[in-house]
Amino acid sequence: MVRILPMASSSLHLVSLRPSLSSFRFSATTTTATATIATATARFGVSLTAYNPSRRLALFHLGSAIPQTQLFNVKPSNLLKTEGNGIEAGTTGNIAQASTAFSQENDLEWVKKDKRRMLHVVYRVGDLDKTIKFYTECLGMKLLRKRDIPEERYTNAFLGYGPEDSQFVVELTYNYGVDKYDIGTGFGHFGIAVEDVAKTVDLIKAKGGKVTREPGPVKGGSTIIAFIEDPDGYKFELLERGPTPEPLCQVMLRVGDLDRSINFYEKAFGMELLRKRDNPEYKYTIAMMGYGPEDKSTVLELTYNYGVTEYDKGNAYAQIAIGTDDVYKTAEEIKKHGGTITREPGPLPGINTKITACLDPDGWKTVSEKKPYIHYMVPLAGSGCNLPILGILIELVLFLWDLGWKGRLLSESMTKWEVQLGLMAKAKRRKV
């Protein structure tokens, strides 16, 4: 039914956990300042990126190599015009604009280079065991893990077509005593790629599932699709495709301003606009956003219905989680591009996973996560390795790596003080 093509990235490469020192192209001053901020941020949970010396130092070094007239696109004759003793400030605005543009370009470059991936989608269900049975028996998913939090009166179940560290999964939430939710009109559907839509639909019917659209070509295209509903009323689109590394391939949400949403997800989350299609006959436009091609990765499908600017979001669908290397910097980019931070970046209580949460311009929630390195030891299961010990050892290596930078900073500072004190003592002896 669902055939999964193995992903090349599913194997663990320990060298990818941290960049090698040879990958740094900055001067010692720049690298040291950047490391200081990264360490302080990680250790104390305080974002120091509001003051970012790495950007200023990068601009300083660039200015030392390139004439300012080229850097800021200012003609030499206009750079300093004097009249009497005053200097004309006509180029100040140009320089400020150039500096701002330079900063924005750096921000966008960081967002694009950040190792982001759609991790999971979270939504609420009224009968957890019933939903798990439907997903495993009808949709071919696997129950990856289940956790009960009795003190907070809820249970989670993670299901998907592969391990969480490499594939997009669903996180079902059951709140004690709540058996029904309002899905609203804003949430659209989830997409699942299958090799034979008709066969999958027959299986779902045999299991008592609800089919809302029989198999057939999509309107205006040739792809065979069908629509079904799970026990809670969430819609799933079945798309006929060949083997794929991401069978759980789409999350569709409706938005009130498509161009605004595209701009937000491109700049705040570094997604690419994979394609955009207008359907004037049916009065809607879609945009596919993601971190890779549609046939190999999960995408966010944004839908704009002509003339509709607001939707009822209900209380069933919760959020999408996206992986990032830096939740603090991610939060800054979200704020810059029209998002609203609902949870300031920082570690979750009791664990080392760092998150930040936000609302997009339409009010859809997204959580950015930075998981501890021990989380990535899961792929070694069954290989004979002692996972807890290996995870602790890697965390220790990373801690010592950070400590090395701090030791270098301390050593440099002490050397400077020793030289200064030596000079002061020498000068004092001369006076005597």
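This section describes salt bridges, a β-hairpin and a charged surface patch in a predicted model.

The salt-bridge count comes to 13. One of these joins Asp114 and Arg116. Their closest N and O atoms lie 2.7 Å apart. Asp114 is buried, and Arg116 is buried as well.

A further salt bridge links Glu137 to Lys207. Here the closest N and O atoms are 3.7 Å apart. Glu137 belongs to helix α6, which covers residues 128–137, while Lys207 sits in the loop between α7 (197–206) and β8. The pair therefore ties together parts that are 70 residues apart in sequence. Both partners fall in the partly exposed class. Glu137 has a relative accessible area of 35% and is partly exposed. Lys207 is partly exposed too, at 44% relative accessibility.

Lys210 and Glu229 meet through their side chains, with an N to O distance of 3.6 Å. Lys210 lies in strand β8 and Glu229 in strand β9, so this contact ties together parts that are 19 residues apart in sequence. Glu229 has a relative accessible area of 14%. This value is under the 20% cut-off, so Glu229 counts as buried. Lys235 extends the picture: Lys210, Glu229 and Lys235 are linked in a network of salt bridges.

Strand β8 spans residues 210–217, and strand β9 spans residues 224–229. The two strands pair in the antiparallel sense over five bridges. Glu229 in β9 is the bridge partner of Lys210. Six residues separate β8 and β9 in the hairpin. Among the residues of the turn, Gly220 has a positive phi of about 80 degrees.

Glu240 has a relative accessible area of 32% and is partly exposed.

Notes
Residues numbered from 1 in each chain as written. Heavy atoms only, no water. Buried < 20%, exposed > 50% of the residue type's maximum accessible area, 1.4 Å probe, protein only. Pairing = 2+ DSSP bridges. Helix = DSSP H or I, 4+ residues; strand = E, 2+ residues; numbered from the N terminus. Salt bridge = Lys/Arg side-chain N within 4 Å of Asp/Glu carboxyl O.
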